[in-house]
Amino acid sequence: MNSTRFDKRVIVVTGAGSGLGRATAELLAAEGAIVVGIDRAFPRPVGAPHAIEADVTCLDQLTGIARRVSTEIGRVEGLATFAGVEAPGRLDQVGEDVWRKVLDVNVLG
């Protein structure tokens, strides 16, 4: 039985293609939210009718999505940020470009 705790509230979830982001999107949808899932790629169908492929480090994409969501779906009432990447390898062997990507996605995105 679905709950209505978040009944018709528009909530954006980044990293909704997998892992915690996907699980959160599915839980919120089950709780009655209108979920807008954002990810670079959705490897399999997500339970949200509003799945948008975008890069959270691209401000132009996010600005366009924000306009589109507010116009077509409604005012965003919540944001759950789960987009993230990891730095592979040992700490002393990771280059600056990798660290910038991690910071861009995990912190700024």
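**Ground rules.** Residues are numbered from 1 along each chain as its sequence is written, and side-chain values use heavy atoms, without hydrogens and water. As the model is predicted, local features need pLDDT of at least 70 and side-chain atom pairs pLDDT 80 or more, while totals for chains, interfaces and linings use all residues.

**Entry 1, β1.** I began with strand β1, residues 10–14 (strands are DSSP runs of E, at least two residues, and helices runs of H or I, at least four, numbered from the N terminus). Five of its five residues are buried (under 20% relative accessible area, 1.4 Å probe, protein chains only). In a regular strand, side chains alternate between the two faces of the sheet. I found Val10, Val12 and Thr14 buried on one side of β1, and Ile11 and Val13 buried on the other.

**Entry 2, neighbours.** Next I looked up what pairs with β1 (pairing takes at least two DSSP bridges between two strands). Strand β2, residues 34–39, runs parallel to β1 and is joined to it by five bridges; Val12 has Val36 as its partner there. Strand β4, residues 76–81, is also parallel to β1, over five bridges, and its Thr81 stands opposite Thr14.

Lastly I checked Val107, which sits in helix α3, residues 96–108. Val107 counts as exposed because its relative accessibility is 59%, and exposed means over 50%.
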